[in-house]
Amino acid sequence: MNKFRYAMFDLDGTLSESAPGITKCVQYALHCIGIEEPDPENLRSFIGPPLNVEFKRRYGLSPDQIETAVIRYREKYAAGGMYDCRMYEGTEKMLKDCVDAGLTLAVSSSKPQPFVEAILDRFGIRKYFSVIFGSAPEEEISRAEADQKTFIVRQTLEALAGARGESADEILSVSAMVGDRCYDMKGAIANGVHAVGVSFGYGSEEELRSSGAEYIAASPAQLSQILCGCRG
């Protein structure tokens with residue numbers, strides 16, 4: 001039988017190659033508070049952590065500046081920046097393989113819920129997920145880096161388990177959290193589920209391994225093998 005019965009997926013860098021839209025929106029947000037960053041490649045670190053945390057870490061912004069930057073970012077993102085992305089080649093086949101193998105799938109993202117749903121709809125892959133969890137929009141200002149993904153993963157686990165009449169603790173050993181950054185791996189480990197990294201996203205293999213990844217996939221096809229082909 002399959003090792004996993006449940007798989008939770010991060011969105012940015014795992015299902016979606018989202019750097020163009022995110023970095024352009026960060027450029028715009030910084031411009032609105034008087035900071036110019038001409039090279040979007042310098043802003044790839046914003047893919048993964050909460051916006052408020054990264055604005056403070058990278059630019060030392062005050063709370064008021066962070067709030068303004070997040071609001072401006074969201075304006076640009078909602079106006080179309082969210083769609084400046086594409087699905088990784090082979091992702092839909094991987095999802096279909098997982099569902100066909102009997103896995104129940106979820107999205108567990110730190111991105112605000114309305115944006116998560118809109119992107120999944122644009123890609124045409126919402127149908128593969130039984131549960132979709134994102135953050136509340138205001139959490140991009142208030143929630144700390146250390147606990148956001150842990151919180152989201154726990155919510156997703158509880159929803160998955162509840163749909164099957166089980167408790168979250170009962171499904172830990174057969175559940176995986178899939179993501180491309182250390183935040184995803186730490187969120188998995190903090191909740192007691194298997195940590196599965198993808199090296200085709202925005203985090204390095206070294207980052208994933210040092211954060212506790214049990215498995216690392218170099219492509220969606222290899223991820224399908226890990227999730228559907230591992231035998232217990």
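User: What does the accessible surface of the protein chain come to?
Analyst: The accessible surface of the chain is about 9,900 Å², and carbon and sulfur atoms account for 49% of it. Accessible areas come from the Shrake-Rupley method with a 1.4 Å probe, and for residues only the protein chains shown count as cover.

User: What kind of model is this, and how are residues numbered?
Analyst: This is a predicted model, in which local features need pLDDT of at least 70 and side-chain atom pairs count only at pLDDT 80 or more, while totals for chains, interfaces and linings use all residues. Residues are numbered from 1 along each chain as its sequence is written, and side-chain values use heavy atoms, with hydrogens and water left out.

User: How many helices and strands are there?
Analyst: The protein chain has 10 helices and eight strands. Helices (H or I, at least four residues) and strands (E, at least two) are DSSP runs, numbered from the N terminus. The radius of gyration of the chain is 17 Å, close to the 17 Å given by the globule rule for 232 residues, so the chain is as compact as a globular protein of that length. The radius is taken over C-alpha atoms, and the globule rule is 2.2 Å times the number of residues to the power 0.38.

User: And what box do the C-alpha atoms fill?
Analyst: Along the principal axes, the C-alpha atoms occupy a box of roughly 55 × 30 × 30 Å.

User: What share of the residues is buried?
Analyst: Of the 232 residues in the chain, 54% are buried. Buried means under 20% relative accessible area, exposed means over 50%, and partly exposed lies in between (1.4 Å probe, protein chains only).

User: What share of contacts joins residues at least 24 apart?
Analyst: Among contacts between residues at least 6 apart in sequence, 65% join residues at least 24 apart. A contact means heavy atoms within 4.5 Å.

User: Changing topic, which residues of helix H5 are buried?
Analyst: In H5 (residues 113–123), the buried residues are Gln 113, Phe 115, Val 116, Ala 118, Ile 119, Leu 120 and Phe 123. Their cover includes strand E2, helix H3 (63–78) and strands E3 (86–87), E4 (104–112) and E5 (129–135). Just after H5, Gly 124 takes a positive phi of about 75 degrees.

User: What do the buried residues of helix H10 pack against?
Analyst: They pack against strand E1, helix H4 (91–100) and strands E6 (175–179), E7 (194–198) and E8 (215–217). The buried residues of H10 (residues 220–229) include Leu 223, Ile 226 and Leu 227. Ile 226 has a relative accessible area of 9% and is therefore buried.

User: How many residues apart in sequence are Ile 226 and Lys 3?
Analyst: Ile 226 and Lys 3 are 223 residues apart in sequence, with their C-alpha atoms 9.0 Å apart in space. Leaving out residues up to four places away in sequence, Ile 226 touches Phe 4, Val 196, Tyr 215, Ile 216 and Ala 217.

User: Where is Thr 14?
Analyst: Thr 14 lies in the loop between strands E1 (6–9) and E2 (16–17). Thr 14 counts as buried because its relative accessibility is 1%.

User: With which side chain does Thr 14 make a polar contact?
Analyst: The side chain of Thr 14 makes a polar contact with the side chain of Asp 10 (3.4 Å). A polar contact is a pair of N or O atoms within 3.5 Å; within protein, one must be able to donate a hydrogen and the other to accept it, and residues adjacent in sequence count only if both atoms are side-chain atoms.

User: Is Ser 45 buried or partly exposed?
Analyst: Ser 45 is partly exposed, because its relative accessible area is 22%. Ser 45 is in the loop between helix H1 (19–32) and helix H2 (51–59). A polar contact of 2.7 Å joins the side chains of Ser 45 and Glu 54. Setting aside residues up to four places away in sequence, Ser 45 touches Glu 54, Arg 57, Arg 58 and Arg 181.
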